[in-house]
Structure formats: structure tokens, C-alpha cells
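User: I have a structure open and would like to talk it through with you. Could we start with the charges and rings, and then go wherever the questions lead?

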Amino acid sequence: MTLAAAALLFAACDKIEPDADGRYVEYAGAAAIWTETAPLAEAVQRAFVEKYTGPRCSNCPNADNLLDNAHEALGDKLVMVSITPSWGDGVPFSGQPDMSTPEGDQWATIIGGGTSMALPFGKLNRTKDYNGAPAFTAVQTDALEAMSAGTKVALNVTATAMGNTVGIDVTVDFRQDVNKDVSLTLVLTEDSLKYKQHWAGHSPALVNDYAHNHMLRDIITDVWGVDVPVEGKTGETLKGHFNYTLPEEVVKANCHIVAFISEKESRKIINCDESDIQ
């Protein structure tokens, strides 16, 4: 697809519309306009961890502690999202908020294995699995190994709010040939959500005000991302602009926009970034 064909305004709803070439493409998610832009000043390689969790999962807090250690060591080079499925240990206790989302359930089904998945379960760049809390010990080493391979695609995301409307800009900068169709996914996460959580080895075993961080609140794009209209060649750099309305129930100061670029067919994550909402 040419850039001229790509520089279109895509509506924020599920429907079929013709593109500039008259072809019909199904899409969903937030509005986007793609334009050419200058390369990023720095190419930073990061690692993406998605953790599947739930309030009834007694070993999930122990996995959290291991991920917190990795995050402290790696800083913003480790980007995390926590997803709560709507079944099993993800079911909320009476009177507390339901942290599951329909989109998160799609991830949990396709990426995590669905109702057969035992929590906690994790993925690094959607290539390495972590089954059970002790397995998360390997996250830091695995992340460093993944980052040492170099940066194929540099990524930068910024988010600026005016009221509850957030303008999101994402720069996608190809530093090496990828030669595969790639997708960009944007998600909203929230920190400091406090509600009940089982915790193995902790006293009390049921913590009433456990602080849940990196919680998936919404997938802003289509659940599997939006197409990045490039050939995947070194030197191609595009900026995507998205407009997004925050859900009423979130606290903006505790929210983050997470962006990741992935291979469309394999869903392997190439790079990622995270931004506060300014």
C-alpha cells in the first residue's frame, strides 16, 4: 500500500469501508492517520511482558514480586501489561470491580490457552512462556537476551490529554529490513487499583487492598493491532496519530498508553514502548 493510500482517517467502529484504492478492508479501533516523519534520534530495544492474572490466583502476587524486581533492574526497557480473564481465578470477589475485558479474553484464549490456562501465566514478546510464579524468575535474563539482538524497528509513543480525550502519536522507525507485514497495537493500562487478592505465603492470605498495577483496561486499536502501511524496509519511518476517549471509570493520573509492534502472522512482538498521559 502506498503512503498516499495509507494517509486515511479510519473510523472508530467495526465496519467495512473502501480505502483510497477502492478496496474494502475490515477494521476496528481508534481513529488513525499515517504520515511520513523523521527517524527517531535513538533506537531503543525493549521487551514486552504480558502476565495473565486474577484476584483468586494465590501465586500471582509472587509472580508480581519477581516482575517488579526485573522492572527495577531494567527500568523502562521492560514494558508490562497484566490481563485478567473472565473465568477461573480471574472471577472477581463479591463487591469488587471486574478487571476482565472482552479484548483481554481474546488474548487469553489465543495467546494464553483459554480456560485450560493455569494462572499466573506469562509471555515475553509472545515467544517465551512462563508457567507458574517461579518461572517468572527468568524474565530479566530473557529480556536482556531479547534486547541484545538489536533493534529492527524503533518505536516511540507519546500521549497528551485534553480532558478525557487523548491524542496518541506513535513513531515507527525501521532500522533493519523486516520484510513482513506488521501491526501496531495500542492498549490502556492502569496502576494502583486496590481490591481483594489471594496471596500464597502471605499473612493474611486474603489481602483486601492489594495494589494491582499494569492492569489492562482497554485495547485502543483492533485487538490484534492495525496495519502499518510500509514494506518493512530499512529507512522507512511513519508516524501514526490516534484520538482516544478514556473510559469514565479510570484515573487518568494512574494510566499509561502501551504500544507494541508485532509480526502480523506470527504475532511475535518486535518492539514496544510506554507513555504516561500528559
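Analyst: Gladly, and a definition comes first: a charge sits over a ring if NZ of Lys or CZ of Arg is within 6 Å of the ring centre and within 35 degrees of the ring normal. Please keep in mind throughout that this is a predicted model.

User: OK, which ring does R267 lie over, and at what distance from the ring centre?

Analyst: R267 lies over the face of W224, and the distance from the ring centre is 3.9 Å. There is also R126, which lies over the face of W107 at 4.6 Å from the ring centre.

User: And what aromatic cluster is W107 in?

Analyst: W107 forms one aromatic cluster together with F48 and F260.

User: How many aromatic pairs does the structure hold?

Analyst: Six aromatic pairs are present in the structure. One of them is formed by Y52 and F121, whose rings are tilted, with 40° between the planes and 6.1 Å from centre to centre. This pair links distant parts of the chain, since Y52 belongs to strand β4 (residues 47-52) and F121 to strand β6 (residues 121-124), 69 residues apart.

User: Are Y52 and F121 buried or exposed?

Analyst: Y52 is buried, because its relative accessible area is 0%, and F121 counts as buried too, because its relative accessibility is 5%.

User: What about W199 and Y210, how are their planes arranged?

Analyst: W199 and Y210 form an edge-to-face pair, with 85° between the planes and 5.6 Å from centre to centre. W199 lies in the loop between β11 (193-198) and β12 (206-212), whereas Y210 is in strand β12, so the pair ties together parts that are eleven residues apart in sequence. Both W199 and Y210 are buried.

User: Changing topic to cysteines, which ones form a disulfide?

Analyst: C57 and C60 form a disulfide, with their sulfur atoms 2.2 Å apart, and the count for the structure comes to one disulfide. The link of C57 and C60 is right-handed, with 90° about the S-S bond.

User: How buried are those two, and what about C255 and C272?

Analyst: C57 counts as buried because its relative accessibility is 1%, and C60 is buried with a relative accessible area of 1%. Turning to the other two you name, C255 counts as buried at 1% relative accessibility, and C272 is buried with a relative accessible area of 0%.

User: I was also looking at G104. Where is it found, and what is it in contact with?

Analyst: G104 is found in helix α3 (residues 102-110), and it counts as buried because its relative accessibility is 0%. Leaving aside neighbours within four places in sequence, G104 is in contact with I83, L216 and I219. The C-alpha atoms of G104 and P85 are separated by 6.6 Å, although these residues are 19 residues apart along the chain.

User: And V228, what is its place?

Analyst: V228 has its place in the loop between β14 (226-227) and β15 (237-245), and V228 counts as buried because its relative accessibility is 6%. Beyond its neighbours within four places in sequence, V228 is in contact with several residues, including W34, V172, L238 and I261. L184 is also among the contacts of V228, and the C-alpha atoms of V228 and L184, 44 residues apart along the chain, are separated by 6.5 Å.

User: Stepping back to the whole chain, how many helices and strands, and what percentage is buried?

Analyst: The protein chain has four helices and 17 strands, and buried residues make up 50% of its 278 residues. Among contacts between residues at least 6 apart in sequence, 70% join residues at least 24 apart. The protein chain exposes about 12600 Å², of which carbon and sulfur atoms supply 48%.

User: Last one: what is the mean pLDDT, and where is the pLDDT below 50?

Analyst: The mean pLDDT of the protein chain is 90, and 89% of its residues reach 70 or more. Over residues 1-27, however, the pLDDT is below 50, and this stretch has 46 contacts in the model beyond near neighbours in sequence. Where pLDDT is low, the predicted coordinates should not be read in detail.

Conventions: Residues are numbered from 1 along each chain as its sequence is written. This is a predicted model: local features need pLDDT of at least 70, side-chain atom pairs count only at pLDDT 80 or more; totals for chains, interfaces and linings use all residues. Side-chain values use heavy atoms; hydrogens and water are left out. Rings of Phe, Tyr and Trp (its six-membered ring) pair if their centres lie within 6.5 Å; planes under 30 degrees apart count as stacked, over 60 as edge-to-face and the rest as tilted. Helices (H or I, at least four residues) and strands (E, at least two) are DSSP runs, numbered from the N terminus. Buried means under 20% relative accessible area, exposed over 50%, partly exposed in between (1.4 Å probe, protein chains only). Contact means heavy atoms within 4.5 Å. Accessible areas come from the Shrake-Rupley method with a 1.4 Å probe; for residues, only the protein chains shown count as cover. pLDDT is the predictor's confidence in each residue, from 0 to 100. A disulfide is a pair of cysteine sulfur atoms within 2.5 Å.
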